[in-house]
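Hi everyone, thanks for making time this morning.

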Amino acid sequence: MPAVFVLIWSTGFIVAKFGLPYAPPLTFLVLRYAFSIVCFLIWIRFARARWPQGREQWQHLAVTGVLMHAGYLGGVWVAVKGGMGSGLTALIVGLQPVLTALWLSWAAAPAELNSSQTQVTPRQWTGLALGLGGLLLVVARKFGSGSEVTALTLGCAVFALFSITVGTLYQKHFVQPTDVRSANAIQLAAALLVTLPFALMESEAIVWNAEFMGSMAWSVLALTLGGSSLLYLLIQRGAATSVTSLLYLVPPTTVVMAWLLFGEAITLATVIGTAITALGVSLVVRPAKPQAA
């Protein structure tokens, strides 16, 4: 399941690059949410899946939907539409394990961490510094007039990073185990309601061609029904740090895909920066060695 999740999740940045030349970002996402909801409702109907019990759980699922779909996907797609490369977007969002581990170190629930892990350790601070340093190494040379990194694209990517991080922590803490299909339907409905008003402000027309429809089909069937469902199950079954640690495998996978499909350059700075970031993240999320008695 983890390996399949990493491969599917990595294609999300590639699909954004494929589909966005033919549609505005938020309009694309509104259609994606709507088609996905229909698919989930059909699946729920035939499988007779149970819906969550209680208004409170519906509200918690709605919050996670706004964060993990509307906030995260909205930020990523607007950044890519603005010109940011798929690999760089994935690298920025790939800092999620660092933020997750640090938050759990500061304000850990007893179920997640024991008392010896409630403080940020020197190793974690070193990892955080390395992760940020690796990211800056990649971003710095791309910041400037006419480049893929602008205040808008960087801001949207960072917004997506914080949205997926907060959404993951919120789901782990507040959402009780429930059927993944009904949970996803509720999350997507909330994301649709939040995104729709902004999508209506977009003036660009949709070009209904094979590339657009293929991107939409993959987004709905593979990314939402497959990837989002796997992420929900992984969060439900595992510790937040263990789940988010998978995401540092996404940037290098996406970089290779973007190089093969779009010819996005893999420079020495990109390779070194990605390696440093991965090293930093691993230092943060790696469990501490048990002390000898």
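The mean pLDDT of the protein is 81, and 82% of its residues reach 70 or more. There is a stretch to treat with care, though: over residues 109-118 the pLDDT stays under 50, and the model has eleven contacts beyond four places in sequence for them. Where pLDDT is low, the predicted coordinates should not be read in detail.

If you read the elements from the N terminus on, you get α-α-α-α-α-α-α-α-α-α-α-α. Of the 293 residues, 52% count as buried. The accessible surface comes to about 13,600 Å², and carbon and sulfur atoms hold 70% of that. Looking at contacts with a separation of 6 or more, 90% of them are between residues 24 or more positions apart.

Now let's go inside. Which residues touch the most other members of the largest nonpolar core? They are F5, Y33, Y72, V76, W77 and L231, out of 45 residues in that core. Several helices contribute: α1 (2-19), α2 (25-47), α3, α4 (86-93), α7 (151-174), α8 and α9 each supply at least two residues. Take Y33 as an example: leaving aside residues up to four places away in sequence, Y33 touches H69, A70, L73, L188, A191, L192 and T195. Another core lies apart from the largest one, with 16 residues, among them L91, L128, C156 and V281.

While we're on buried residues, have a look at α4. How many of its eight residues are buried? The count is eight of eight, so to speak a helix that is mostly covered. By name, the buried residues are S86, G87, L88, T89, A90, L91, I92 and V93.

Next, the aromatic rings. There are seven aromatic pairs in the model. One of them joins F28 and F212, which sit edge-to-face, 5.4 Å centre to centre with 85° between the planes. This pair links distant parts of the chain, since F28 is in helix α2 and F212 is in helix α9, 184 residues apart.

An α-helix has 3.6 residues a turn, so residues three or four places apart point the same way. F40 is buried, with a relative accessible area of 0%, whereas W43 is partly exposed at 36%. Before we leave the rings, note that ring pairs link F28, W77, W208 and F212 into a cluster.

On to charges. The structure holds two salt bridges. In one of them E204 meets K81, with the closest N and O atoms 3.2 Å apart. What does that pair tie together? E204 lies in the loop between α8 (180-199) and α9 (210-237), while K81 is in helix α3 (residues 55-81), so the bridge ties together parts that are 123 residues apart in sequence. E204 counts as partly exposed at 36% relative accessibility, and K81 counts as partly exposed at 31%. The R181 and D179 side chains also meet in a salt bridge, at 2.7 Å from N to O. R181 is buried, with a relative accessible area of 18%; the cut-off for buried is under 20%.

Finally, a lysine to find on your screens. Where is K17? K17 is in helix α1, and at 27% relative accessibility K17 counts as partly exposed. The C-alpha atoms of K17 and V80 are separated by 6.7 Å, although these residues are 63 residues apart along the chain. Not counting residues up to four places away in sequence, K17 touches V80, M84, G85, S86, F262 and E264.

Definitions and conventions: Residues are numbered from 1 along each chain as its sequence is written. This is a predicted model: local features need pLDDT of at least 70, side-chain atom pairs count only at pLDDT 80 or more; totals for chains, interfaces and linings use all residues. Side-chain values use heavy atoms; hydrogens and water are left out. A salt bridge is a side-chain nitrogen of Lys or Arg within 4 Å of a carboxyl oxygen of Asp or Glu. Helices (H or I, at least four residues) and strands (E, at least two) are DSSP runs, numbered from the N terminus. Buried means under 20% relative accessible area, exposed over 50%, partly exposed in between (1.4 Å probe, protein chains only). Contact means heavy atoms within 4.5 Å. Accessible areas come from the Shrake-Rupley method with a 1.4 Å probe; for residues, only the protein chains shown count as cover. A nonpolar core is a set of buried Ala, Val, Leu, Ile, Met, Phe, Trp, Tyr and Cys residues joined through side-chain atoms within 4.5 Å. Rings of Phe, Tyr and Trp (its six-membered ring) pair if their centres lie within 6.5 Å; planes under 30 degrees apart count as stacked, over 60 as edge-to-face and the rest as tilted. pLDDT is the predictor's confidence in each residue, from 0 to 100.
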